[in-house]
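Here are my notes on this model, point by point. Please read them with the structure open.

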Amino acid sequence: MNHDAYDDNYIRSILNSVKSIAMVGASPVNVRPSYFAFKYLAQRGYDMIPVNPGHVGKQLLGKPFVASLSDIGRPVDMIDIFRSSSHIMPVVDEALTLSPLPRVIWMQLGARDDAAAEKAEAAGIKVVMNRCPKIEYGRLSSEISWMGVNSRTLSSKRAPIPTQGMRLSLNRMSVGGGATAASDRAAKNKSEPT
Amino acid sequence: MTDRLPGFSTLAVHAGAQPDPTTGARVTPIYQTTSFVFNDADHAASLFGLQAFGNIYTRIGNPTTAVLEERIAALEGGTAALAVASGHAAQVVVLQQLLMPGDEFIAARKLYGGSINQFTHAFKSFGWNVAWADPDDIGSFERTVTPRTKAIFIESIANPAGSITDIEAIAEVARKAGVPLIVDNTLATPYLIRPIDHGADIVVHSLTKFLGGHGNSLGGIIVDAGTFDWSKDNKYPMLNEPRPEYHGIRIQETFGNFAFAIACRVLGLRDLGPALSPFNAFMILTGIETLPLRMQKHCENAKAVAEFLAGHSAVASVNYAGLASDRYNKLARKYAPKGAGAVFTFSLRGGYDAGVSLVSNLKLFSHLANVGDTRSLVIHPASTTHSQLDDDAKVRSGAGPDVVRLSIGIEDKEDLIADLEQALSV
């Protein structure tokens, strides 16, 4: 699996198939990126579970925090890890003890641990690294285009009618377009020790 | 299996645009509205707090304008873009994100005269200090870097003489100094040069010129390459410090590789206000669809006219990088192999008076202060676009008293040459 660049269909199939997402490192502070992503994904119908031992007893948008993945007590489809690269492996190790296993492990923008990814993939889990599910959802639905962002997609088909006001659907036919090679290269150089 | 990547001309027609979901309209509609209704109070709060993507008010964003932004981001190979009212507005918005009062930026000496004026006088009143360097002497950029330097600004094809800048060499100076390189790509357009491929971190344009291409609409744009690490060294508080305007969010950590474009939108455009009209965005989008075809014709015509002038007895010299004898020809072949653009200068043996006479005797060329129109244009920079400079600065920026600037259009080149021939022989 090439983790430098993902095919749009790979990301779209993940976001279209998972229903429950446990977010490790979710923050109740409403200016943190994890809060932004948690709220956005909850509003798009995902069953969100905040995981953060520092906030047990509190709720995030009505969902109670749990201390760890094993405290969730029910199957989850995807684990979204909002931790830096050096804290990924213990989370993946814990995820591998769950039964049933999660189908997807997703590491946030800036986070990448190739050894952890290899371990998860060996157990049949799909892995995404150094991406944000909010940004990817917004990109593939073309919602993010409202902010002038290069969605790197082209489509000659009528977009699905927005639901709930301005929310766009992921079920949009598109082909790849508008590569951002310089930015991808810069991200790769940053993640590799010099 | 990864999708094949579409070519430049496909992006010029399609990027950012999709048939309208409600009406099926194939061409991007003009959303001529100031504001957009919210679903409910929480949706409104999410939009204002930058937690959701969507439309609020046309000063901050507009669906027609957003198509233009995405299209140019795609053409330049950037992560995102922000359209504004003019090229000048783009420069203000970019530098507002990078400089605090007392900071400096380095600019190439060869620039559009209006930019020289804006940097020298208008920005001085903001406490932004410009230091000039010579784009033909890379060492002059290195020597001008100080601890207060926050950016380097150059033009890819430089006004008025169409000289070619060594973008990669200056990008290396910027990288070593830890500051972003801003490239004004107006005269090249991404069809001829994509500065991000050569190390630019930010690209700006006057859309008014070749991109719009028809001389009918003002506009400017900022493209974020998504390459600069704003978290490094804490030099850029607009990007890296908690923003009180948004309850303490850090733009850089929240928006990743398109953070600069978001900062320009939510801190720059929102608060300074130079929004582009959706109607202008529509006109410019229509122009961009034919950008590759027009640029091919512009460049073909410019080369033919430059060759004609170079062989004319009344002409002292021609500055066109597309000519094999030109001092910038080597750089042109490296950076702009498809053509050296369509704006260049020449000087007449008869000096200032001959220049004035030529301008008044031309019958097809229009005498006006613009470039990048379908029509061929002529101007005498020393008395117009560069008139605010002193004599020494005029010569250094390539706008001496005997210099005439042409912007070659897409008419038949034989007619342009015939017009010049008759005007030169009067």
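1. The largest nonpolar core has 192 residues. A nonpolar core here is a set of buried Ala, Val, Leu, Ile, Met, Phe, Trp, Tyr and Cys residues joined through side-chain atoms within 4.5 Å. Buried means under 20% relative accessible area, exposed means over 50%, and partly exposed lies in between (1.4 Å probe, protein chains only). B:Leu98, B:Leu309 and B:Leu406 have the most contacts inside this core. The core draws at least three residues from each of domain 1 (8-287) and domain 2 (291-424) of chain B. In soluble globular proteins, nonpolar side chains tend to be buried together.

2. The model is predicted: local features need pLDDT of at least 70, side-chain atom pairs count only at pLDDT 80 or more, and totals for chains, interfaces and linings use all residues. Residues are numbered from 1 along each chain as its sequence is written, chains are lettered from A and ligands numbered from 1 in the order in which they are written, and side-chain values use heavy atoms, with hydrogens and water left out.

3. Take B:Leu98. Leaving aside residues up to four places away in sequence, B:Leu98 touches B:Asp103, B:Lys150, B:Ala151, B:Pro180, B:Ile182, B:Ile202, B:Trp230, B:Tyr236 and B:Phe260. Contact means heavy atoms within 4.5 Å.

4. How is chain B divided? There is a domain 1 (8-287) and a domain 2 (291-424). These bounds come from an automatic or database domain assignment. The C-alpha centres of the two domains of chain B lie 28 Å apart. Across the boundary, 40 residues of domain 1 are in contact with 40 residues of domain 2.

5. Now a helix pair in chain B. Helices (H or I, at least four residues) and strands (E, at least two) are DSSP runs, numbered from the N terminus. Helix 13 (residues 291-310) packs against helix 17 (residues 413-424) at an angle of about 30°, with axes 9 Å apart. Axes are lines fitted to C-alpha atoms, for helices over the stretch in contact, and angles run from 0 to 180 degrees between N-to-C directions. Helix 13 and helix 17 of chain B are therefore roughly parallel. The cut-offs are under 35 degrees for roughly parallel, over 145 for roughly antiparallel, 65 to 115 for roughly perpendicular, and oblique for the rest.

6. Which residues meet there? Helix 13 of chain B brings residues including B:Glu300, B:Ala304, B:Phe308 and B:Leu309. Among those from helix 17 of chain B are B:Lys413, B:Leu416, B:Leu420 and B:Leu424. B:Leu309 is also among the residues with the most contacts inside the core.

7. Check two peptide bonds. The one from A:Ser99 to A:Pro100 is cis, with omega near -5°. A:Pro100 sits in the loop between helix 3 and strand 6 (104-107) of chain A. The bond from B:Asn159 to B:Pro160 is also cis, with omega near -10°. B:Pro160 is in the loop between strand 5 (157-158) and strand 6 (163-164) of chain B.

8. B:Asp233 is not a glycine, yet has a positive phi of about 65°. B:Asn234, not a glycine either, has a positive phi of about 50°. B:Asp233 lies in the loop between strand 9 (220-224) and helix 9 (237-240) of chain B. B:Asn234 is in the loop between strand 9 and helix 9 of chain B. B:Asp233 counts as exposed, at 55% relative accessibility. B:Asn234 counts as partly exposed, at 44%.
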